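Subject: the model, and notes on it

Hi,

Here is the structure I promised to pass on. Have a look at it first, then read my notes below.

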Amino acid sequence: MTVTVREARTQPGDRKWIQGVYRDYMDDLGLLNTGIFPSLGEIGHREPDQLERWFMDSSATLLTIVDDGQPAGFALVARDTRASRETDYRMAEFFIARPHRRRGLGRSAVGLILRRFAGRWEIVEYSRNPAAVKFWRSVVSAFTNGEFRERNQNGEVRQYFTSSRSHATG
């Protein structure tokens with residue numbers, strides 16, 4: 001398994017691949033019964049509109065996660081542009097396609113992403129998604145050697161930490 005990440009906006013075919021797996025992503029979120037997903041149709045947004053925002057948002061970087069040369073997932077890294085910001089980056093979206101799961105691909109991709117975007121991070125999971133909470137807690141703990149803080153509030157679990165290009169993941 002050779003894992004890399006690349007800019008989705010500049011690679012031919014990545015947009016189409018992300019569009020093709022977007023429904024799977026929304027289906028996974030819909031299983032959480034948060035009342036939030038899928039909300040696109042209910043609030044007047046359509047999937048193409050949401051994806052267009054991802055591709056056009058200049059304050060975020062849309063990445064394709066690649067496994068042995070083939071797209072396997074995506075991540076949307078948002079930059080905090082508020083003057084009062086506490087973090088530099090937030091993992092706004094993260095998805096590994098079903099055929100690529102449970103092989104360490106997500107963990108490897110996260111390490112690449114966190115080293116690429118060195119700075120202060122926030123990662124948020126819904127507390128109703130124990131698998132995501134477990135994944136992110138484990139990955140962040142290994143990446144930071146346990147040097148992170150976590151906050152549980154309003155049905156969300158948030159990890160805060162600082163990454164650097166030299167971090168070694170465990």
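**What I found**

Of the 170 residues in the protein chain, 44% count as buried, where buried means under 20% relative accessible area, exposed means over 50% and partly exposed is in between (1.4 Å probe, protein chains only). Before you go further: this is a predicted model, in which local features need pLDDT of at least 70 and side-chain atom pairs count only at pLDDT 80 or more, while totals for chains, interfaces and linings use all residues. Residues are numbered from 1 along each chain as its sequence is written, and side-chain values use heavy atoms, with hydrogens and water left out.

**Overall layout**

The protein chain has 4 helices and 7 strands; these are DSSP runs (helices H or I, at least four residues; strands E, at least two), numbered from the N terminus. Going along the sequence, the pattern is β-α-α-β-β-β-α-β-α-β-β. As for contacts (heavy atoms within 4.5 Å), residues 24 or more positions apart make up 62% of those in the protein chain with a separation of 6 or more.

**The α3/α4 pair**

How do α3 and α4 cross, and at roughly how many degrees? The axes of α3 (residues 105–116) and α4 (residues 130–144) come within 11 Å and cross at roughly 50 degrees. Axes here are lines fitted to C-alpha atoms, for helices over the stretch in contact, with angles running from 0 to 180 degrees between N-to-C directions.

Taken one at a time, α3 has 12 residues and reaches 17 Å from its first C-alpha to its last, close to the 16 Å expected at 1.5 Å a residue. (The expected span is 1.5 Å times one less than the number of residues.) Its buried residues are L105, G106, A109, V110, G111, I113 and L114. For α4, with 15 residues, the reach is 21 Å, close to the 21 Å expected. Buried in α4 are A132, V133, W136, V139, V140, A142, F143 and T144, and these pack against β4 (89–96), α3, β5 (119–126) and β7 (156–163).

R116, also in α3, is partly exposed because its relative accessible area is 31%. Setting aside neighbours within four places in sequence, R116 touches V5, R6, E7, L63 and R165. R116 and S166 are 50 residues apart along the chain, with their C-alpha atoms separated by 9.7 Å.

**Loops and positive phi**

Which residue just after α4 takes a positive phi? That is N145, at about 55 degrees. R102, not a glycine, also has a positive phi, of about 65 degrees; R102 sits in the loop between β4 and α3 and counts as exposed because its relative accessibility is 83%. N154, another residue other than glycine, has a positive phi near 50 degrees. N154 lies in the loop between β6 and β7, and at 71% relative accessibility N154 counts as exposed.

P99 is in the loop between β4 and α3 and, at 67% relative accessibility, counts as exposed; P99 and A72 are 27 residues apart in sequence and 8.1 Å apart in space, C-alpha to C-alpha. E147 is in the loop between α4 and β6 (149–153), and is exposed at 61% relative accessibility. E147 and F161 are 14 residues apart in sequence, and C-alpha to C-alpha they are 6.9 Å apart in space.

Cheers
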